[in-house]
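Here is a short note to read beside the model. Take the points in order, and keep the structure in view.

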Amino acid sequence: MIEPEMAWAELVDNMDLAEDFLKYLFRYALEECADDMAFFNQWVDKDVIRTLESVVNAQFERITYTEAIDLLNKSGEKFEYPTAWGSDLQSEHERYLTEKKIGRPVIVIDYPEKIKSFYMRVERRRPHGGRDGRARAQDR
């Protein structure tokens with residue numbers, strides 16, 4: 001997961017940056033570490049080069065959580081973890097969406113508030129009265 005802190009950025013900007021960042025890293029590995037990648041491709045995962053190239057060349061799909069749940073529910077697949085609106089997506093769900101249904105990287109947005117990480121939740125707080133702690137010389 002890539003979650004950069006960016007001032008004055010919207011969600012779309014964040015998604016664009018994460019996509020560009022992953023593509024940059026994969027392209028760098030393919031070009032600058034070609035010998036290592038060939039070794040991995042031969043001895044570890046026969047599809048690693050093809051997989052990285054496919055990510056570099058793909059436009060990431062962006063879908064809402066609700067769309068993801070609908071696709072999973074209509075898939076006919078038997079998942080170990082049930083797919084119901086409000087439940088968290090598991091690796092098996094993410095793999096189905098990216099590898100079988102959509103066929104390229106997927107960014108899921110608009111998760112229900114109750115399953116978001118604490119740092120992603122929108123907290124509804126009343127504004128508090130207060131004063132800036134700085135003081136000018138003439139205020140003293």
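1. Start with terms. Helices (H or I, at least four residues) and strands (E, at least two) are DSSP runs, numbered from the N terminus. On that basis the protein chain has 5 helices and 2 strands. From the N terminus on, their order is α-α-α-β-α-α-β.

2. Know the ground rules. This is a predicted model, where local features need pLDDT of at least 70, side-chain atom pairs count only at pLDDT 80 or more, and totals for chains, interfaces and linings use all residues. Residues are numbered from 1 along each chain as its sequence is written, and side-chain values use heavy atoms, with hydrogens and water left out.

3. Look at the whole chain. Buried means under 20% relative accessible area, exposed over 50%, and partly exposed in between (1.4 Å probe, protein chains only). Of the 140 residues of the protein chain, 24% count as buried. The chain exposes about 11,100 Å² (Shrake-Rupley method, 1.4 Å probe). Carbon and sulfur atoms supply 51% of that area.

4. Now contacts, meaning heavy atoms within 4.5 Å.

5. How do helix 4 and helix 5 cross? Axes are lines fitted to C-alpha atoms, for helices over the stretch in contact, and angles run from 0 to 180 degrees between N-to-C directions. The axes of helix 4 (residues 65–73) and helix 5 (residues 91–101) come within 11 Å and cross at roughly 75°. That makes helix 4 roughly perpendicular to helix 5 (the term covers 65 to 115 degrees).

6. Which residues meet there? Helix 4 brings A68, L71 and L72; helix 5 brings H93, Y96, L97 and K101. The residues of this contact divide into 5 nonpolar, 1 polar and 1 charged.

7. Stay with H93, in helix 5. Is H93 buried or exposed? H93 is buried, because its relative accessible area is 0%. Leaving out residues up to four places away in sequence, H93 touches L72, F79, Y81, P82, T83 and D88. A polar atom of the H93 side chain lies 3.0 Å from the backbone oxygen of Y81.

8. Check two backbone angles. W8 is found in the segment before helix 1 (11–32). Phi of W8 is near 60°, a positive value in a residue other than glycine. W8 counts as exposed, at 86% relative accessibility. D110 sits in the segment after strand 2 (106–109). Phi of D110 is near 60°, a positive value in a residue other than glycine.

Technical notes. Angles under 35 degrees count as roughly parallel, over 145 as roughly antiparallel, 65 to 115 as roughly perpendicular and the rest as oblique. Ala, Val, Leu, Ile, Met, Phe, Trp, Tyr, Cys and Pro count as nonpolar, Asp, Glu, Lys and Arg as charged, and the others, Gly among them, as polar. A polar contact is a pair of N or O atoms within 3.5 Å; within protein, one must be able to donate a hydrogen and the other to accept it, and residues adjacent in sequence count only if both atoms are side-chain atoms.
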